[in-house]
Each structure stands twice: as structure tokens, then as C-alpha cells.
Amino acid sequence: MTEMHTSTSPAETRSLSPANSGSFAAGQVGPAAHVLVVDGDDAMKDKIVDYLQDHGMRAVQASGRADTTNQFAIHAPDLVILDVHLGKEDGLDLLREIRASSDVLVILTSEYRHDEVDRIIGLELGADDYLTKPFGLRELLARARALLRRRSYATVPRDPQSQRYRFGGWQLDRRTRQLINPVGHPVALTKGLYALLVAFLDAPQRPLTREYLLNATRVHEDVFDRSIDIQILRLRRKLETEPEAPRIIQTERGVGYVFMLPVERLSTQIGRASASPVLLPGGSAHIMPAKES
């Protein structure tokens, strides 16, 4: 059994009710977060669940895919703490399934300290954070709270008039993070590809440098130096009819890339619908998206 480091003794009870119903522990604001802990090690699951419950979160546990599916059906969690190694099942495969239908926050954990491949694949599949065992329960709690705070801030729309975009028959809904192709079918995007597409839609028909796009799509320090060109290739495969001869995302030699299509921001006001085209001309190599009005 992997040792967990904490200065707080785990509670003996495994009740599913939070220790402090209705709020986070000190320093947190809002209702108690619902956390699902998925791990093949029963003792570790018990420790994590008990610790989170002692600190004001509603924590439940699952051992694999079937349990996870049942828990999502009962109550969709705000955060999933998912171990990469689930006995006969693969945590990365389960993460892929979760990301196909949900944008729930995910912290991946792993037994192997130097398993960089799992860490990078997990982050690229859409994990929000990664911890290597043994880790301190206080650190896990701090990371969970930080992710939940950022999510709560991000759910407040900065501009309710421009939550949907339309380009070349495609539509992107920023509230649901759903991309719909011209024939009406949803297209799955990883966290990185979604961020990359939003960066292009916020500054269409303007050359964007690789450095800018890399910063716009960065989801974790460990993948900061990975080539943006690989992400561009993957996004082209999602959007382009012929990715080898791209017409939507084109290379600007010596600068970076340009999203060639005009983009419309669609109003979602109740009682009327309107669309204002965003037609931004090409600018200099040192671009930043124009401020939204």
C-alpha cells in the first residue's frame, strides 16, 4: 500500500455526508464540492475520501469504469480524482471516455514517479492536474480547491452577447464548450484543442505567432515547451476537409498561423437573435486579440 503523507488523521467513518455540509472548509466560498475518487487501492480511496469529507467536501468513491459510470448517473461530480492504474483497467482510457461527454475537472494520480509519458498523455487528454504518489493529502486538497476556484470564476461570462461563434458552417458554444460541424454533428475537442480554437476565433484573419498560441493553449507547465505545430495539425484534422492542403488554418511564414475564415459572434439574448461579424484585418507579427466590445 502506498503511504500518504498528512498531518491530519483520517476519520474512521466513511459516511457520504460531508463533515461541514453546505460549504468548503476555511477559506472556501460556495456549496460543498462533489468529488469522485477513482482508485484501485481501497485503502488509499478510504484515506482520500475521509480526508476530503473532513474538510467540507462531499466525497464518494469508485473502483473502475462501471462504478464511475454509476456515480455519474447518480450525481455528476464537480471534480474527479482518477488514478492511472486501476488494476485490469486503464485510467487513461477512462479519462478519454469521461472527456468525450463531460468537462468535469480531473486530477490524475500515478504510482510511478518517473512515468512522464503517462503524465503528458493524461494532460493532453484533458486532465487538469497531475500528482505522483506518495503525495500529501493537504497538497491534494489545495490543488482541488484551486481548480474549483478557477472553474467558479470561469463560469461567470465576461460578455454574454458573444458566447457562440459561427464560421464556415461550424458553430462553437463557449458555454457548453461544444463544437458542431456544418452537418450538425458534435466534434470532440481536447482541452488544448478547444483553447487553440478559441484563440483563433478571438482573432480571425490575423497572423498569430507560435509563442502567443502556445501561451493561449497552455494547460500545464509540463507541456509548455511542446511544439504548437503538433496541436495545429490535430486541429486541422478536426476542421479541414483536406488537412494536407489547409484552407481554414494557414501557415504565415516567419510568423505563425492565420485563421482564414470570417467569424460571427452570435447573440443569445432571449426574445431575439442577432449576429455581428468579426472581420479583423491582418495585423503585424506581434498580435494580441482585439478587445471585445
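Predicted model: local features only at pLDDT ≥ 70, side-chain atom pairs only at ≥ 80, totals over all residues.
**Arg-177 and Tyr-194.** I started with a charge and a ring: the charged end of Arg-177 sits over the ring of Tyr-194, 4.0 Å from its centre.

**Strand E8.** Next I looked up E8, residues 164-167. Tyr-165 and Phe-167 are on its covered face, while Arg-164 and Arg-166 are on the uncovered one.

**Neighbours of E8.** Which strands pair with E8? I found E9 (residues 170-173), running antiparallel to E8 and joined to it by 4 bridges. Arg-164 has Asp-173 as its bridge partner there. The E8-E9 hairpin has 2 residues between the strands, and in it Gly-168 takes a positive phi near 55 degrees. I also found E15 (residues 263-266), paired with E8 in the antiparallel sense over 3 bridges. In E15, Arg-265 is the bridge partner of Tyr-165.

**Aromatic rings.** My search of the whole structure gave 3 aromatic pairs. Why does Phe-167 with Trp-170 count as stacked? Their ring centres are 6.4 Å apart and their planes are at 5 degrees, so the pair is stacked. Phe-167 counts as buried because its relative accessibility is 0%. Trp-170 counts as buried too, at 7%.

Phe-167 also pairs with Phe-259, this time edge-to-face, with 5.4 Å centre to centre and 75 degrees between the planes. I noted that this pair links distant parts of the chain: Phe-167 is in E8 and Phe-259 in E14 (residues 256-259), 92 residues apart. Phe-259 has 0% relative accessibility, so I put it down as buried. Last entry: Phe-167, Trp-170, Phe-200 and Phe-259 form one aromatic cluster.

Definitions and conventions. Residues numbered from 1 in each chain as written. Heavy atoms only, no water. Buried < 20%, exposed > 50% of the residue type's maximum accessible area, 1.4 Å probe, protein only. Pairing = 2+ DSSP bridges. Phe/Tyr/Trp six-rings, centres within 6.5 Å; stacked < 30°, edge-to-face > 60°. Lys NZ or Arg CZ within 6 Å of the ring centre and 35° of its normal.
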